[in-house]
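The following note was prepared for a colleague who wishes to examine how the chains meet.

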Amino acid sequence: MKNETLYQYILCIADNSLILGQRLGELCGHGPSLETDIAITNIALDLIGQTRSYYQYAARLIDEEKTEDDIAFLRLEREYKNVLLVEQPNTHFGYVMARQFLFDVYHLMFLEKLQYSKDDQLVAVAKKGIKEVSYHKRFSSDWVKRLGDGTEESRQKMQEAVDDLWRFTNELFLMTDAEKTMAANGIGVDIAQLKEEYYKEVSDVLKEATLTVPENTYFTKGGKEGIHTEHMGYILSELQYMQRTYPNMTW
Amino acid sequence: MTKNWPLWEVFVRSKNGLEHRHFGSLHAADAEMAMENARDVYTRRNEGVSIWVVESKYITASNPQDNGELFEPAQDKIYRHPTFYDLPDDVKHM
Amino acid sequence: MSENEVKNLEAIFEARIARDEKIEPKDWMPEKYRQTHIRQISQHAHSEIVGMLPEGNWITRAPSLRRKAALLAKVQDEAGHGLYLYSACETLGISRDELYEQLHSGKAKYSSIFNYPTVTWADMGAIGWLVDGAAIINQVPLCNTSFGPYARAMVRVCKEESFHQRQGYEIMLTLCNGTQEQKEMAQDALNRWWWPSLMMLGPTDDASVHTEQSMKWKLKRKTNDELRQQFIDQTVPQADLLGLTIPDPDLKFNEETGHYDFGPIDWDEFWQVVKGHGPCNKERMNARVNAWEEGAWVRDAAMAYAEKQTAKKVAKAS
């Protein structure tokens, strides 16, 4: 392989988009209004589009014969490097928006740094992604505010979702070896540096939404090392179903 | 509670140089949501560069029953059209 | 208004339609015109959003990222089309909530084809190819229907829908160029979707109650049987190209008429599904009702938030 570390680094980025896109795909046709259904599908489409760009690049790095789909569908659970946050289920609409918001804030900060990478391919994906993700963040933070500062019931539900998902946020800023190496040579982003700004920005929106910023400092991690929550196996059994059942075919 | 999201009308400018045109309507709780929904619903295929949304209830529409008095009087004001004026063919650039 | 005045208005109204003039929402219209349009447009809208479910069922299992994106975009379009159509319907003085209520209570119908299950990936191909194919045949003439908002919605729908059928046919083509297993999957899907697609074009002309009036109002430009024949004539060569066999032993080209003759349609099955006893009627309705009911707190919250924001703005201004 030409560049194992770069390959691993791309997975770290792209798997987040893939798994979150997959989760949002489950909702298509089941949202609280037709308009929100359409909006959420747009976000899913952006994420799947980003995933494809990253994987196409990654595929070129490992082997002439490999495709984006080999990377997307034919890895073992331990080989997926997404953060735990994005694999959490669509428990209710509050969870969907809280998960989206907590990820979007990170995602945008990350891409804004990635656009200055020394790697032209990553720069191109980042630049396109910034526009998309700016909109995602706008959409999800608006909804966090609506649900937080809406009715008593919605405030409770939103608070529950934020409290529950909070423990997954710290993992966003933990750096794997691949991430450290890539950050050191100017290709990757030093994400640990983004942490303070992230919590400030998230807290500001939560406060505006009249929600309580969780004080919990017990954080969960593992996704980036391939150790996932129990949800991941089920996500993959759907994601990989066709490719595993009918190996080596063209679709 | 259960109060329904109001109806909004969406106007889209498809490219600079053209006017905003009525594209359709949608439901939204507030103006921000109406704008976001309009973007997601009506510009999925790159149809626009600018969007206006206005809550439907703020549009005052003429009543078709008044069409006679509103629009018919304009029909015979033919002197507002250039063809009303007879000029010899020799006159150019006019 | 006296009976005579109404008769007079009706005559003027019918003459306008006969002259191909469009009717707009605030124009005077006979009550029956309004009701018929509410029924047909909402039925059409309901079909779009119930139609999201059988295909949405495969989004998470799509076999490639390219297919996943295309399917997401297609199902999203169906939501969009439902939205355009509900909006057109609302101009007739009924709210979307009332229309949902009619759907959820079973009072309003939707296309029966969506009560069949999607059991393999090939069903995504067959639906795009056959179901969207039949839908396009139904819909293209509606771009010229007499009611302005409906006609405009249909123009938009037809423009967007053109990728749907191609997407489906491409899936079939890929399967048919694939392994034996894939070909069998494609043939099996055709076998299951062929007859329901023919039924989708509506009961035979002698059993159809709405045809005559609908023709006059340009809600229909061709009869169900004509549409069905058109669909069969254009689809058979497409099946040949795929190397698939249409599951009808009586299907044969008739040199005299220039059309395909075809075997009897099982109308008992059709009416059974229409009456709510198809394979997935209950599942489809449960999914719609659940989405609506579980979304109630979200919609309420958004309204409450909007009201608070408005109140804040007012307080600031004063």
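1. Polar contacts between chain C and chain A. In this predicted model, 14 residue pairs are in polar contact across the interface of chain C and chain A, both partners having pLDDT 80 or more. On the chain C side, the elements that give two or more residues are α2 (31-56), α3 (65-90), α4 (96-104), α6 (148-176), α7 (180-200), α11 (281-294) and α12 (296-317). Of these, α3(C) gives the most, with 14 residues. Classified by type, the side of chain C that touches chain A holds 28 nonpolar, 10 polar and 11 charged residues.

2. Extent of the interface between chain C and chain A. Contacts join 49 residues of chain C to 47 residues of chain A. The area buried between the two chains is about 4000 Å², and carbon and sulfur atoms give 69% of it. Within chain C, the residues that lose the most area to chain A are T60(C), L65(C) and W297(C), which together account for 20% of what that side buries.

3. Salt bridges between chain C and chain A. How many salt bridges are counted between chain C and chain A? The count is 2. A salt bridge joins the side chains of D149(A) and K308(C), with an N to O distance of 3.0 Å.

4. Extent of the interface between chain C and chain B. Here 22 residues of chain C are in contact with 22 residues of chain B. About 2000 Å² is buried between chain C and chain B, 52% of it on carbon and sulfur atoms. In chain C, the greatest losses of area to chain B fall on K26(C), R156(C) and M303(C), together 27% of what that side buries.

5. Polar and charged pairing between chain C and chain B. The count of salt bridges between these chains is 5, and 9 residue pairs are found in polar contact, both residues at pLDDT 80 or more. At least two residues of the side of chain C that touches chain B come from each of α3, α4, α6 and α12 of chain C. The element that gives the most to this side is α12(C), with 8 residues. By class, the side consists of 8 nonpolar, 3 polar and 11 charged residues.

6. A salt-bridge network. Which residues are linked with R45(B) in a network of salt bridges? The network comprises R44(B), R45(B), D77(C) and E160(C). Within this group, R45(B) forms a salt bridge with D77(C), and the closest N and O atoms of that pair are 2.5 Å apart.

7. Architecture of chain C. Chain C contains 12 helices and 2 strands. Read from the N terminus, its elements run α-α-α-α-α-α-α-α-α-β-β-α-α-α. The radius of gyration of chain C is 22 Å, close to the 20 Å that the globule rule gives for 318 residues, so chain C is as compact as a globular protein of that length. The C-alpha trace of chain C spans about 75 × 55 × 35 Å along its principal axes. Buried residues make up 58% of the 318 residues. Among contacts in chain C with a separation of 6 or more, 77% are between residues 24 or more positions apart.

8. Salt bridges within chain C. Over all chains, the whole structure has 36 salt bridges. One of the pairs joins the side chains of D20(C) and K218(C) at 2.7 Å, N to O. D20(C) lies in the loop between α1 (3-18) and α2 of chain C, and K218(C) in the loop between α8 (211-216) and α9 (224-242), so the pair ties together parts that are 198 residues apart in sequence. D20(C) is partly exposed, at 48% relative accessibility, whereas K218(C) is buried at 12%. Another salt bridge joins the side chains of E78(C) and K74(C), at 3.6 Å from N to O. These two residues are separated by about one helical turn because they are 4 residues apart in helix α3 of chain C. Both E78(C) and K74(C) are buried.

9. A salt bridge within chain A. The side chains of E208(A) and K145(A) form a salt bridge with an N to O distance of 3.8 Å. This pair links distant parts of the chain, with E208(A) in helix α9 (residues 195-208) and K145(A) in helix α6 (residues 120-148), 63 residues apart. Why does K145(A) count as buried? Its relative accessibility is 15%, and buried means under 20%.

How values were computed
Residues are numbered from 1 along each chain as its sequence is written. Chains are lettered from A and ligands numbered from 1 in the order in which they are written. This is a predicted model: local features need pLDDT of at least 70, side-chain atom pairs count only at pLDDT 80 or more; totals for chains, interfaces and linings use all residues. Side-chain values use heavy atoms; hydrogens and water are left out. Contact means heavy atoms within 4.5 Å. Buried area is the accessible area (1.4 Å probe) that two parts lose on being put together, summed over both. A salt bridge is a side-chain nitrogen of Lys or Arg within 4 Å of a carboxyl oxygen of Asp or Glu. A polar contact is a pair of N or O atoms within 3.5 Å; within protein, one must be able to donate a hydrogen and the other to accept it, and residues adjacent in sequence count only if both atoms are side-chain atoms. Ala, Val, Leu, Ile, Met, Phe, Trp, Tyr, Cys and Pro count as nonpolar, Asp, Glu, Lys and Arg as charged, and the others, Gly among them, as polar. The radius of gyration is taken over C-alpha atoms; the globule rule is 2.2 Å times the number of residues to the power 0.38. Buried means under 20% relative accessible area, exposed over 50%, partly exposed in between (1.4 Å probe, protein chains only).
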